[in-house]
Amino acid sequence: MALELPSPPKVGMVSLGCPKALVDSERILTKLRSDGYQLSPDYDQADVVLVNTCGFLDSAKEESLAAIGEAIAENGRVIVTGCMGKEADVIRAKFPGVLAVTGPHQYEEVVGAVHVAAPMPPSAYLNLVPEGGLKLTPRHYSYLKISEGCNHRCSFCIIPSLRGDLVSRRPDAILREAEKLVAAGTKELLVISQDTSAYGVDLRHAEWNWKGAPVRAHMTDLARELGKLGAWVRLHYVYPYPHVDRVIPLMAEGLVLPYLDIPFQHAAPSVLKAMKRPANEAKVLERIRSWREICPDIAIRSSFVVGFPGETDADFDYLMQWLQEAQLDRVGAFRFEPVQGAAANSLPGAVPEEVKEERYARLMDLTARISAAKLEAKVGREIDVIVDLVDEEGGATGRSKADAPEIDGEVHLRDAGALRQGDIVRVQVEDADEHDLFGVPIPA
């Protein structure tokens, strides 16, 4: 007589916010899958729905509340987690029917709430999970979170109140996870945290054993060891501390991708002071020049805030001149938006919305022209491209070493029907626009 297995409960997931929240979602799903739960792609079949929220901006909170409302309307059995979980009273006031509310990176609490809401029938055959865990990203790239929280107290940010102070993971645990991801098919590791440069400060940069040799809990040591695993290694959320200079030679050697994601936020000293950010913008320009001397192909991306309280016309002109000199490769911008609980809300000198819009448009126009010129200079060159998507017409879309997924540009390929997702290929660049490159694979 055939053994009839019990049907395990199904869990649905709505994941909002940044890549760090995405990693939280992956860890939660991995744990639930290892406990035997199945995953549901829609509301109808789910026994319970998890909503991982974002609470950084008021607009993000509105999106989170809307997602919770949709999940309740479509399913009715909802557990809320993530950054907005810090405001459980707000969530419960609007949605009294939610089953549980937990804060960010509270994995065990979330899993425990699922066990209560949708108990698992006892069976030794249901606890199955892939070695690399469950992923919400394509198989060929993975986000690798190295720490939680942040020690900075920027006046516009409430992340420390949501996620606490810096808590770094042990380097051997990070490297073990990265090794498993690469073994499971990951070709690109995207290193994330709130402050990657500060990694290990809370651990006093202590050493741990990794494969018979000591490895410090330090950004440089970790980057070097990750680079030995054979995958692309991309560093995100890097503050320009002096020790970042020691990572640039690793990029020149090919161990780490020549790419830095640095949240400069502004350049005018008075605005940086109001933001409670480092204000040595002149020295940063010198260091960018030195980085490019060591690693000419380094791509630097950053984000900036326009319309911060007290930002004058002179401050904004200073920023524009700084950007003209810095010649950053990728730039994103945000209009200042008050965030509940942020110290910046009480600062004087609110900038009118129409002025914010005008400054935003000017900044994006300048950075688009800089980007277009930089990409045009790559026409005729050969570059490496990782393939993200292959279409049915023989084309493909990928990214160069200068492009992170979702936030940077793409490389569009013709005559690429033989390629597969995750392939890393040599490409001849044939054309460019403001943000993307166009090319053809070079036969092996």
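A pocket, as the word is used in these legends, is an open set of grid points where a 1.4 Å probe fits, with protein on both sides within 12 Å along at least five of seven lines. All views show a predicted model.

**View A. The second largest pocket and its lining.** The space in the second largest pocket comes to about 540 Å³. Its lining is made up of 28 residues, and those closest to the pocket centre are Pro258, Asp297, Ile298, Arg381 and Lys401. Among the elements that each supply at least two lining residues are strand β12 (232–235), helix α8 (248–253) and strand β16 (382–390).

**View B. Surroundings of aspartate 403.** Aspartate 403 is found in the loop that runs between β17 (396–400) and β18 (411–413). With a relative accessible area of 1%, aspartate 403 falls under the 20% limit and therefore counts as buried. A polar atom of the aspartate 403 side chain lies 3.4 Å from the backbone nitrogen of glycine 409. Leaving aside residues up to four places away in sequence, aspartate 403 touches Arg234, Tyr259, Arg330, Asp408, Gly409 and Val411.

View C. The structure holds seven aromatic pairs. In one of them, the ring centres of tyrosine 141 and tyrosine 143 are 6.3 Å apart and the planes stand at 90°, so the pair is edge-to-face. Both tyrosines are buried: the relative accessibility is 6% for tyrosine 141 and 8% for tyrosine 143. Arginine 399 lies over the face of tyrosine 141, 5.3 Å from the ring centre.

**View D. Phenylalanine 264 and tryptophan 322.** The rings of phenylalanine 264 and tryptophan 322 have centres 5.2 Å apart and planes at 70°, an angle that makes this pair edge-to-face. Phenylalanine 264 belongs to the loop between β13 (259–261) and α9 (269–275), while tryptophan 322 belongs to helix α11 (residues 313–326), so the pair ties together parts that are 58 residues apart in sequence. Phenylalanine 264 is buried at a relative accessible area of 9%, and tryptophan 322 is buried at 4%.

**View E. A ring cluster, and a charge over a ring.** Phe156, Phe308 and Phe336 are linked into a cluster by ring pairs. Also shown is arginine 335, whose charged end sits over the ring of tyrosine 360 at 3.7 Å from the ring centre.

Methods:
Residues numbered from 1 in each chain as written. Predicted model: local features only at pLDDT ≥ 70, side-chain atom pairs only at ≥ 80, totals over all residues. Heavy atoms only, no water. Helix = DSSP H or I, 4+ residues; strand = E, 2+ residues; numbered from the N terminus. Buried < 20%, exposed > 50% of the residue type's maximum accessible area, 1.4 Å probe, protein only. Polar contact = N/O pair within 3.5 Å; in protein donor to acceptor, adjacent residues only side chain to side chain. Contact = heavy atoms within 4.5 Å. Phe/Tyr/Trp six-rings, centres within 6.5 Å; stacked < 30°, edge-to-face > 60°. Lys NZ or Arg CZ within 6 Å of the ring centre and 35° of its normal. 1 Å grid on protein atoms, 1.4 Å probe; cavity = no way out; pocket = protein on both sides within 12 Å on 5 of 7 lines; lining within 4 Å. Points joined across faces, edges and corners; volume = space filled by probe spheres on them.
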